[in-house]
Amino acid sequence: AQTADPAITELQPWMQYLGDGVDARPYGTPSQYEAHVIRRNVDWLTADPVSSVNFTPLHELDGIITPNGLCFERHHAGIAEVDPAAHRLMINGLVDKPLVFTMQDLMRFPRENRVYFLECAANSGMEWAGAQLNGCQYTHGMIHNVMYTGIPLRLLLDEAGVKTNGKWIMPEGADASAMTRSIPIEKAMDDCLVAFKMNGEALRPEQGYPVRLVVPGWEGNMWIKWLRRIEVGDQPWHHREETSKYTDLLDNGIARRFTWEMDAKSVITNPSPQTPILHSKGPTVLTGVAWSGRGTIPRVDVTLDGGKNWQEARMSGPSFDKSMHRFYFEFDWDGEPLLLQSRAHDSTGYVQPTKNDLRAIRGENSIYHNNGIQTWHVNERGEAENVEVS
Ligand code: MTE
Ligand code: CO
């Protein structure tokens, strides 16, 4: 280089003065230079922030774990600020012995640690009719992936003793929306958790402090936050959240219901509209995430030319059941425009469909369960844009 680089030749301020001592930051927060890494919402999507959603900044993250402060939020009646000392979890209905647990009571049950993604059924819902929002934060950010510590729900239900005609449960939240959903007893007894820790620390109020239901692989709406009651019944309740909402209206006017499982899906997080390629041609790192509500993701394919040629991406990091997976694809960019797509394969053999494949079966009335392949167009300047290829 002709000119000296001041980042090397000059003494930087942080080398000339002592920094903050320990305890200056009793609960650590990210560097001031990371202030742009935040959850964001889309103003026009909802009428009021108390019944709204914001989005995880997927394009700023790596690995598979979502940091607690960046997990997207979806509230139907704002964040309940629950005092754990005054919080109770009740089990009633078709049980031998109705029970009420304090938080102290819950702490005496055996716990498990498991990593799961939570995806809102409405994730990518705005993209049904065509490319709309410019950034994977907005198109795919209604998802987070967290290590939960919780009690297998089965243990609590066994303590109450589910009667032989108890075939469904209805968890209820302690927020002002008193959110409820119907869940079949087989799922409740299988892998559901009553979780009180996320990524090692207490749940955040946004995520349902002090307890939330974890319903692995199933749509986020069923993961009741601020969990206060579980009723056992002999049939589904058909409440608002499983009739007027969270059903999928087809072209013929008939709605699919009980579409609980989240299908395999993936998205390239870098490059993407919020994180363009910042260098000229040469070695480039492409990365993204993939997940399936039915198992693991053994393989992700990537195309640079809108689906003409596919190559296998490199998976990296732990592969947990019903968790996010991370993939990378390193390539030499020739400086020409790109049409980037990723395609997930899950452990059942299912392959992520194109958006057109989905529309052919489901029509365009749907909001929920859009797991179609996402395309980013990258121009000669490295800028990316949300597009569709036919
Ligand atoms: N539980 C209660 N009590 N109240 C709510 O508004 N929203 C649901 C679900 N559980 C909700 C709730 C929806 S639609 C989703 S997608 C997830 O919580 C969002 O979880 P998160 O806020 O931790 O991302
Ligand atoms: Co939701």
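Is Asp301 buried or exposed? At 2% relative accessibility, Asp301 counts as buried, where buried means under 20% relative accessible area, exposed over 50% and partly exposed in between (1.4 Å probe, protein chains only). This is a predicted model, in which local features need pLDDT of at least 70 and side-chain atom pairs count only at pLDDT 80 or more, while totals for chains, interfaces and linings use all residues. Residues are numbered from 1 along each chain as its sequence is written, chains are lettered from A and ligands numbered from 1 in the order in which they are written, and side-chain values use heavy atoms, with hydrogens and water left out.

**Surroundings of Asp301**

- Asp301 belongs to strand E17 (residues 299-303); helices (H or I, at least four residues) and strands (E, at least two) are DSSP runs, numbered from the N terminus.
- The side chains of Asp301 and His345 make a polar contact at 2.6 Å. Such a contact is a pair of N or O atoms within 3.5 Å; within protein, one must be able to donate a hydrogen and the other to accept it, and residues adjacent in sequence count only if both atoms are side-chain atoms.
- Apart from neighbours within four places in sequence, Asp301 is in contact (heavy atoms within 4.5 Å) with Trp310, Gln311, Glu312, Ala313, Gln341, Ser342, Arg343 and His345.

**Nonpolar surface patch**

- Leu11, Trp14, Met15 and Tyr33 form a nonpolar patch on the surface, with about 570 Å² of accessible area together.
- Patches are made of residues with over 30% relative accessible area and no salt bridge; like charges are joined within 9 Å, and nonpolar side chains (Val, Leu, Ile, Met, Phe, Trp, Tyr) within 5 Å.
- A salt bridge is a side-chain nitrogen of Lys or Arg within 4 Å of a carboxyl oxygen of Asp or Glu.
- Accessible areas come from the Shrake-Rupley method with a 1.4 Å probe; for residues, only the protein chains shown count as cover.
- Trp14 sits in helix H2 (residues 13-16) and counts as exposed, at 62% relative accessibility.

**Backbone geometry**

- Most residues other than glycine have a negative phi, and most peptide bonds are trans.
- Tyr209 and Pro210 are joined by a cis peptide bond with omega about 5°; Pro210 lies in the loop between strand E10 (201-202) and strand E11 (212-214).
- From Asn270 to Pro271 the peptide bond is cis, with omega near -5°; Pro271 is in the loop between strand E15 (265-270) and strand E16 (282-291).
- Asn199, not a glycine, has a positive phi of about 50°. Asn199 is in the loop between strand E9 (193-198) and E10, and is partly exposed at 25% relative accessible area.
- Phe258, not a glycine, has a positive phi of about 55° and lies in the loop between strand E14 (255-256) and E15.
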